[in-house]
Amino acid sequence: MAKSVAVVGLGKSGLSTVNFLLAHGVVPVVFDSREKPAGEADLDKRVSLFKGALDGDKLGGFDCLIVGPGLSLKLPALVKARECGAEIIGDIELFARYAKAPIVGITGSNGKSTVTTLTALMVEADGKKCGMGGNIGIPALDVIADDVDAYVLELSSFELETTSCLKLAGAVILNLSEDHLDRYEGSMQLYLEAKQRIFKNADKIIVSREDKATVPPSGEYFSSFGCDDKDYGRVIKDGEVWLSVDGVPLIRNTELGITGLHNELNALAAMALADTLGISRDAQLKVLRSFTGLPHRCQLVRELEGVRYYNDSKATNVGSTLAAVAGLKDGVKGRIILLAGGLGKGQDFTPIKNMLGKEIAYMLCFGRDGAMLAALGDQTRLTDSMVEAIEIAHNEIAKPGDVVLLAPACASLDQFKSFEERGDVFAEKVRML
């Protein structure tokens with residue numbers, strides 16, 4: 001470990017980093033630009049905290065800066081610190097330098113948390129101890145332990161920007177759609193390049209046959225998953241769809257605890273990752289039958305007067321909203337009424353426009369960028385809030401057989417503390433109807 005270390009950005013991952021460093025005999029200094037940073041009350045008394053605007057010269061006086069994923073490396077203070085000779089890493093890079101057991105990593109625009117959870121459950125079902133962490137909401141440094149048999153990490157593009165020596169037994173980019181373009185100067189190429197850092201030092205690279213952007217620049221990879229019958233794929237047997245490996249049917253799609261084509265692809269990706277860790281097929285299939293999905297991810301909240309209400313608050317970008325609609329549409333007798341809005345993060349909403357009047361019968365819009373969504377077509381209406389959108393859907397639009405789907409295509413931070421809070425408010429309001 002470097003002689004002098006600063007943690008830049010507190011919050012959940014920053015506090016985890018501080019505690020990890022203290023446990024390893026290093027007392028860092030913490031910098032945070034906020035006046036009331038999350039985690040301040042839990043900070044060890046030995047640690048100095050400096051609040052306010054970041055100073056590049058001051059940061060440049062440290063040997064190593066461990067920077068939170070919410071901070072862009074293009075911030076002037078961080079650029080200056082690097083020019084002064086400070087090494088800049090993130091908590092995942094620190095994790096990589098200490099973790100001893102094999103690691104698999106998952107990134108992509110949509111489905112990361114589902115695949116991460118599935119893979120971790122498969123490891124556990126095979127009788128092994130698994131450390132699951134990263135962008136899924138559990139700091140990676142919190143799960144490092146001597147008795148862990150394998151680690152499963154969900155990795156965001158932000159985390160990968162500050163990671164260079166992470167060696168993965170298996171690495172996958174699930175898919176790529178517009179997200180976080182406000183951070184990447186509106187450039188999908190810069191976003192893709194950040195994602196593809198996951199392949200650096202990876203032993204076995206796994207790609208999606210449904211998305212060419214998931215293939216590394218070299219074009220070389222170990223295995224792939226997709227909708228056809230190749231490698232990890234799908235076959236038709238006795239008129240039913242089965243998930244398969246090398247054309248051999250293993251489990252009917254109707255046996256899966258999670259539904260929709262996007263979740264079939266998630267299941268295949270998890271199987272491919274589990275195989276890189278040597279997890280038994282029996283353990284994999286057991287988990288695929290029992291896992292029924294994550295909170296706030298296409299959860300059925302209630303059926304009322306023949307109308308089903310689904311909470312997919314975790315759909316924080318256009319791609320995940322499209323996946324939610326695609327996953328539900330085949331099972332809907334009536335229409336899909338979409339509730340969308342929030343912080344658009346510089347995305348292009350055109351793909352949603354193309355579904356209006358077709359897969360999406362009507363869209364009720366709310367939040368800071370709700371007007372942009374409402375401008376996409378005639379089958380839309382701008383509301384003052386998500387709660388008002390729910391009331392309008394219930395009282396004026398939805399009929400028996402319809403689905404009301406919260407899949408906002410936007411971040412929640414304009415009106416809520418998190419996507420979890422947004423989903424909880426939705427669920428509570430729906431239950432009160």
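1. The largest cavity is lined by Val7, Val8, Gly9, Ser13, Gly14, Thr17, Ile66, Val67, Gly68, Pro69 and Asp91. Strand S1 (5–8), helix H1 (11–23) and strand S4 (64–67) are the elements that give two or more residues to this lining, and H1 gives the most, with three residues. The volume of the largest cavity is about 50 Å³, and a search of the whole structure finds one cavity of 30 Å³ or more. Helices (H or I, at least four residues) and strands (E, at least two) are DSSP runs, numbered from the N terminus.

2. The model is a predicted one, in which local features need pLDDT of at least 70 and side-chain atom pairs count only at pLDDT 80 or more, while totals for chains, interfaces and linings use all residues. Residues are numbered from 1 along each chain as its sequence is written, and side-chain values use heavy atoms, with hydrogens and water left out.

3. The second largest pocket holds about 730 Å³ of space. Its lining has 37 residues, of which Leu261, His262, Asn263, Asn266 and Ala323 lie nearest its centre. Helix H8 (261–276) and helix H10 (318–329) each supply at least two residues of that lining; the largest share, eight residues, comes from H10. On a 1 Å grid over the protein atoms alone, a cavity is a set of points where a 1.4 Å probe fits but cannot get out, a pocket is an open set with protein on both sides within 12 Å along at least five of seven lines, and lining residues have an atom within 4 Å of a point. Points are joined across faces, edges and corners, and a volume is the space filled by probe spheres set on them.

4. An open sheet is formed by six strands in the order S15-S16-S20-S17-S18-S19, with mixed pairing. S15 and strand S19 (380–382) are the edge strands, each pairing on one side only. Two strands pair if DSSP finds at least two bridges between them.

5. Strands S15 (residues 299–304) and S16 (residues 307–311) pair in the antiparallel sense over five bridges, and arginine 302 stands opposite tyrosine 309 in S16. Two residues lie between the strands of this hairpin, where glutamate 305 takes a positive phi near 55°. S16 is also joined by four bridges to strand S20 (residues 403–406), and these two run parallel; the bridge partner of tyrosine 310 in S20 is leucine 405.

6. Cysteine 298 lies in the loop between helix H9 (281–290) and S15. Cysteine 298 is partly exposed, with a relative accessible area of 22%; buried means under 20%, exposed over 50%, and partly exposed in between (1.4 Å probe, protein chains only). Leaving aside neighbours within four places in sequence, cysteine 298 is in contact (heavy atoms within 4.5 Å) with Tyr310, Asn311, Asp312, Ala324 and Leu328. Threonine 259 is 39 residues from cysteine 298 in sequence and 9.4 Å from it in space, C-alpha to C-alpha.

7. The structure holds zero disulfides, a disulfide being a pair of cysteine sulfur atoms within 2.5 Å. Cysteine 410 is in no disulfide, and the nearest cysteine sulfur, that of cysteine 365, is 9.1 Å away. Cysteine 410 is buried, with a relative accessible area of 0%. Cysteine 130 is buried as well, with a relative accessible area of 12%.
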